[in-house]
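The stops below are meant to be selected in order.

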Amino acid sequence: MDSRAKEVLRIGDAAFAKKRPVDALWQEIALNFFSRRADFTSKRNEGDEYADHLFSSYPERARLELGNMLSEFLRPDKWFSIHVDPEELDEGEAERAFLEQLTEIQWRAMTDPASNLTKATTQTDHDFAAFGNAVLRYSLNSDADGLLFRNYHLRDCTWSENVEGKVDALHRNWNPSARQLKQAFGDKVSGEVKRACKLDPEKKFDCRHVVLPSRIYDYKSAGGRPFAFVSLMVERESETVLEEIGQNQFGYVVPRWQTVSNSPFGVSMATSVLLADGRTLQVVMRTLREAGEKYVDPPMLQIADAIRGEASN
C-alpha cells in the first residue's frame, strides 16, 4: 500500500473516533425508537429479541409510520422527470418529446426489481426518520448492465463536508466474506482471501471503502483523464488495495434532516426532542404493569404478616 492510501485510512480512523459520541446517541435513540438498528455500540445476533427491553411499542410504531409516510409522499407513482436548464429548449415540442423518452428509459432502469431501489430507499427512509441521517449508494451492478441501490448502516459510515457544506468525502467500513470479495475483485484480493475461498468461503475480512475528491488523493488515471472523485477499497489487515478508480459522481447520497453549523451530522426532529418522552413512557408502562401484577398476585409474605397483625389485635 502506498503512502496516499495509508494517509486516507488514517484520516478515516480519526473520523470514526470523533464519531463515537454520535454513535452512542444513535444507540440510545435506536433502543427507544428503532430496536432493530440498536447495534451501534453493542453486538446483536440474528434471532435476538430486539424489543425485549420495551414495555410500550408506541414509540416504535410512531417511527414506523413516519418512515412509511416518507415514501408515500416523496416517491409517488412517478416522482421525477428529466429537464434542461434553458427554458426555451426545455419547452420545445421536439425537445420535450426527447426528454420524456429519456425519462421513461431512466424510470425503467431505476424501477427494475434487480436495481433494489424500493428496498434500499425504504431502509433509508427509516434511518432518516429515526436518526436524521442516512446513507444510500447508487452504482452499476457487478455485471455493469443495470443500476444498483444499497443502504448502509450509519454505524459503518462517517463523512465530511467541503467548504460549501456539501458532503464530498465518505468512509465506510465493510465486513464481506472471502467469497464476496473474490466475486467483486477477482485476483486483486490478497493471498489470505484466496486461501479462505478454498477452506472457509464465509470467513469475514475487514475492508474500507472511501470516496473523496481526487484533488485530495492526487489521483491520475492511466490515460490522464481527470475525475472529480476517487473510489478506494482496501483490505485492512493485509493492506491490499482492491480498487483505485476515478469517477465523475460521488456515488453516495447522504440525506440529513436538521443540521447545525460546525457538524456534518443531521438531527431527527422526530426522535431527538422526544427521546425523554420515549424513556418516560417506558418507565410509566413498566410501573403500571408491575403495579397490576402485584395487585392481581400480591406477595404472600406480606399477606401473612397482615393476618398475624390482625390476630394479635
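This is a predicted model: local features need pLDDT of at least 70, side-chain atom pairs count only at pLDDT 80 or more; totals for chains, interfaces and linings use all residues.

Residues are numbered from 1 along each chain as its sequence is written, and side-chain values use heavy atoms, with hydrogens and water left out.

**Helix 1 and its partners**

Select helix 1 (residues 3-33) and helix 9 (residues 275-296), whose axes come within 10 Å and cross at roughly 45°. Helices (H or I, at least four residues) and strands (E, at least two) are DSSP runs, numbered from the N terminus. Axes are lines fitted to C-alpha atoms, for helices over the stretch in contact, and angles run from 0 to 180 degrees between N-to-C directions. Helix 1 and helix 9 are therefore oblique to each other; angles under 35 degrees count as roughly parallel, over 145 as roughly antiparallel, 65 to 115 as roughly perpendicular and the rest as oblique.

Now show side chains: L25, E28, I29, N32 and F33 of helix 1 meet L275, G278, R279 and Q282 of helix 9, contact meaning heavy atoms within 4.5 Å. The residues of this contact comprise four nonpolar, three polar and two charged. Here Ala, Val, Leu, Ile, Met, Phe, Trp, Tyr, Cys and Pro count as nonpolar, Asp, Glu, Lys and Arg as charged, and the others, Gly among them, as polar.

On helix 1 pick A30, N32 and F33, which meet P59, E60 and R63 of helix 2.

**H126**

Move to H126, in helix 5 (residues 117-131). Is H126 buried or exposed? With 8% relative accessibility, H126 counts as buried, the term for under 20% relative accessible area, with exposed over 50% and partly exposed in between (1.4 Å probe, protein chains only). Apart from neighbours within four places in sequence, H126 is in contact with F34, R63, L64, G67 and N68.

Select the open sheet of three strands, which has the order 2-1-8 and antiparallel pairing. Two strands pair if DSSP finds at least two bridges between them. Strand 2 (147-152) and strand 8 (252-253) stand at the edges with a single partner strand each, so one side of each has no neighbour in the sheet. Strand 1 (residues 135-140) runs antiparallel to strand 2, and six bridges join them. Helix 5 packs on this sheet, touching strand 1 and strand 2, and its direction makes about 25° with that of strand 2.

Finish at the open sheet of five strands, ordered 3-4-5-6-7 with antiparallel pairing. The twist averages 10° from one strand to the next. Zoom to strand 5: seven of its seven residues are buried, so strand 5 is largely enclosed by the rest of the structure. Strand 5 pairs with strand 4 over five bridges, where R172 has H209 of strand 5 as its bridge partner. Seven bridges pair strand 5 with strand 6 in the antiparallel sense, and V211 is partnered by S231 in strand 6. Lastly, show helix 6 (residues 178-185), which lies across strand 4, strand 5 (207-213), strand 6 (229-235) and strand 7, at about 40° to strand 7.
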